[in-house]
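The sequence and the structure are shown first.

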Amino acid sequence: MEYTPNISAQICRRAFILPLLSAIMAVGLPSSQSYAETGIIYPDSANVSFSREVSQDTTTVFLVNQGVNPVENLFISEFTGSPTILLECVKDGLPFDVPIIEREFDTVYANRYVTRWLIGTFGQAVTLKYYCPGYDSYELCWSAGQPFAIFGIMPQRHIGPPTDIGWQQ
Amino acid sequence: MKRFLLLIMLCVPTAAFAQFNDHDGQLVSRWHAPAFGAPVDHYIWSYTINGVADSIAGIAAANDTLNNAVSLSVIGNWAIFNIAAVSIFGDTSEAAVSDTAYYNPESGIGPPEGVTWLQGP
């Protein structure tokens, strides 16, 4: 479901943000922060770990396949305070044009957007970088200075058919 | 070139002509686990007998890849075995289908056995 920006809500948020920004600037913002999060990896046997690094307005996610076999059909779901823009994706060392398979705006929780990107199959590593536009601070990709708690990697499950079907006397 | 292609086409076996002749009408089907994907939880199978789908159906455990579940009583009866894998996450694979099995006892006559020489009168 495509989202429609709520202009009036954005105006209200901007009015609230300016004093907040002033306070934050007085304290000072870190240039970058790194988090070693395990997130929600399902199933456990996927052998995929990830970490996330957030700098000013930009979030970079690192996925590492720690297993022997390629990881099939994964997608990443990100839950942010504003619609995201994908900056780049590198999969197994090569640029990858990752499609957005779902984007929705949750009207129950204002300012919440869910974007899901289809990573597909990868053997080694994926680096996904995205940006939350519309505000002067990366705060809106977070909540109260903390990353949104809901961030998951949910493999798209798949099973092949049985093989070597036959009869015996 | 055309003759070459025709020769190749005649030599390549096709699924349409693949069949299995069962001599006693007791059908035993077998299969192997999927070549890829999530772990198998169980299999769901069925027999199509004489064109009637799901004549017999059942479930097999993940480690059970041999099934003897149908008898054909009339010579010429036939059956097809259908099977799909269900993953531990509840997803079902595409179905795999066997060749057609016919109840076709051995026909014709074999050669005499035990041929020996005896002393003459």
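## Interface of chain A and chain B

Across the interface of chain A and chain B, zero salt bridges are found, a salt bridge being a side-chain nitrogen of Lys or Arg within 4 Å of a carboxyl oxygen of Asp or Glu. Eight residue pairs between chain A and chain B are in polar contact, both residues at pLDDT 80 or more. A polar contact is a pair of N or O atoms within 3.5 Å; within protein, one must be able to donate a hydrogen and the other to accept it, and residues adjacent in sequence count only if both atoms are side-chain atoms. On the side of chain A that touches chain B, the residues divide into seven nonpolar, six polar and two charged. Here Ala, Val, Leu, Ile, Met, Phe, Trp, Tyr, Cys and Pro count as nonpolar, Asp, Glu, Lys and Arg as charged, and the others, Gly among them, as polar.

The model is predicted: local features need pLDDT of at least 70 and side-chain atom pairs count only at pLDDT 80 or more, whereas totals for chains, interfaces and linings use all residues. Residues are numbered from 1 along each chain as its sequence is written, chains are lettered from A and ligands numbered from 1 in the order in which they are written, and side-chain values use heavy atoms, with hydrogens and water left out.

Contact (heavy atoms within 4.5 Å) involves 15 residues of chain A and 40 residues of chain B. The buried area is about 2300 Å², 63% of it from carbon and sulfur atoms; this is the accessible area (1.4 Å probe) lost on putting two parts together, summed over both.

An open, antiparallel sheet has three strands in the order S14(A)-S2(B)-S5(B). Strands are DSSP runs (E, at least two residues) numbered from the N terminus, and two strands pair if DSSP finds at least two bridges between them. S14 (163-168) of chain A and S5 (66-71) of chain B each have a single partner strand, so one side of each lacks a neighbour in the sheet.

Four bridges join S14(A) to S2 (residues 26-32) of chain B. Within S2(B), Arg30(B) lies opposite Gly166(A), and His32(B) opposite Thr163(A).

## Strand pairing within chain A

Strand S6 (residues 85-91) of chain A pairs antiparallel with S10 (residues 125-131) of chain A over six bridges, where Leu86(A) has Tyr130(A) as its bridge partner. Two bridges join S6(A) to the antiparallel strand S7 (residues 94-95) of chain A, with Lys91(A) partnered by Leu94(A). The hairpin of S6(A) and S7(A) has two residues between the strands, and Asp92(A) takes a positive phi near 50° there.
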